[in-house]
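Hi everyone, thanks for coming.

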Amino acid sequence: MDNGIIPKHVGVIMDGNGRWANIRGLPRVEGHRQGVRRSKDVINAGVDIGIKALTLYAFSIENWRRPETEVLTLMDLLDLYLRTEIDDLMSKGIAFKVIGDREKLPSEIQFLIKNAEFLTSFNTEMILSMAISYGGRDEIVRTVKKLAQSGVDLRNVDESVFESGLDTSGMLPVDLIIRTGGEKRISNFLIWQSAYAELYFTDTLWPDFTQDEFFSAIHNYKQRERRFGTVPRKVSL
Ligand code: IPE
Ligand code: IPE
Ligand code: MG
């Protein structure tokens, strides 16, 4: 069976950078550097095949607990990305957006994010959303606070009002979540939004994740039957 429908919104948990470097006797930062290259490949592959939204998990709220040197190098890589990639995003028609608690980020990076979001805001080919300082539970708690502060009567809240307060507000539902690096867990990524997402796990470490592997994940998704709680379309005996 191949329903032939490509996912509109793909989320990716880009895991395994540290192990990739370790195996090679390199510092973890080299894994992160190579990881950034793979992210660019996947972004380009996504636009090429007509994916409408791509959400990349780049830095979790729990990742703040890593050693300071690693956090600093990750912030440096993010800073470099935000300074150098805008032209490319513009030429491909990609709108850039960050989800997560950006107030925890250095102010310079917050400024660069705002700038990138503003400059790319009219692009319509694909939304690239980067989950940075992001935690699904944290997002849900921030959403409750945001709704309460904006005067919404929480006694009458429903799913669509709640969704309007999430960082992903206005975005398409997540169809497929890919996790590299061998672990089979969600690690606080899009926990509300992934309620009915299809999950795809691969042992490939993120710095080795090629465009072809991305296409394999999409192909695998196309063979799934999504039921959303209803009955199967065909029952094979
Ligand atoms: C993912 O790779 C990148 C981030 C979490 C920033 P890791 O750094 O978690 O790599 P492993 O899982 O230790 O190999
Ligand atoms: C998840 O990876 C976060 C990102 C890929 C950014 P982690 O390496 O932080 O997750 P755990 O600790 O294995 O669950
Ligand atoms: Mg990891």
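Let's begin with ligand 2: the residues of its shell divide into five nonpolar, two polar and four charged. For these classes, Ala, Val, Leu, Ile, Met, Phe, Trp, Tyr, Cys and Pro count as nonpolar, Asp, Glu, Lys and Arg as charged, and the others, Gly among them, as polar.

Before I go on, a word on the source: this is a predicted model, where local features need pLDDT of at least 70, side-chain atom pairs count only at pLDDT 80 or more, and totals for chains, interfaces and linings use all residues. Residues are numbered from 1 along each chain as its sequence is written, chains are lettered from A and ligands numbered from 1 in the order in which they are written, and side-chain values use heavy atoms, with hydrogens and water left out.

So who is around ligand 2? Among the residues there are Ile13, Met14, Asp15, Tyr57 and Arg179, where being near means having a heavy atom within 4 Å of the molecule. Strand S2 gives the largest share of this shell, three residues. Helices (H or I, at least four residues) and strands (E, at least two) are DSSP runs, numbered from the N terminus.

Now the polar contacts, which are pairs of N or O atoms within 3.5 Å; within protein, one must be able to donate a hydrogen and the other to accept it, and residues adjacent in sequence count only if both atoms are side-chain atoms. Arginine 185 has a polar side-chain atom 2.8 Å from an oxygen atom of ligand 2, and for asparagine 63 the distance from such a side-chain atom to a ligand 2 oxygen is 2.9 Å. The side chain of arginine 179 has an N or O atom 3.5 Å from an oxygen of ligand 2. On its own, ligand 2 has 390 Å² of accessible area, and the protein covers 77% of that; such areas come from the Shrake-Rupley method with a 1.4 Å probe, and for residues only the protein chains shown count as cover.

On to ligand 1. Which residues come nearest to ligand 1? Of the 13 around it, they are Asp15, Gly18, Arg19, Arg28 and Arg66. A polar side-chain atom of arginine 66 is 2.7 Å from an oxygen atom of ligand 1, while aspartate 15 has a side-chain N or O atom 2.8 Å from a ligand 1 oxygen. The protein covers 87% of the 370 Å² of accessible area that ligand 1 has on its own. Helix H1 (17–23) gives the most to this shell, with three residues. By class, the shell has three nonpolar, five polar and five charged residues.

Where do the two ligands sit? A pocket, on a 1 Å grid over the protein atoms alone, is an open set of points where a 1.4 Å probe fits, with protein on both sides within 12 Å along at least five of seven lines, and lining residues have an atom within 4 Å of a point.

The lining of the largest pocket has 32 residues, with Met14, Tyr57, Ala58, Phe59 and Asn63 nearest its centre. By class, that lining holds 14 nonpolar, 10 polar and eight charged residues.
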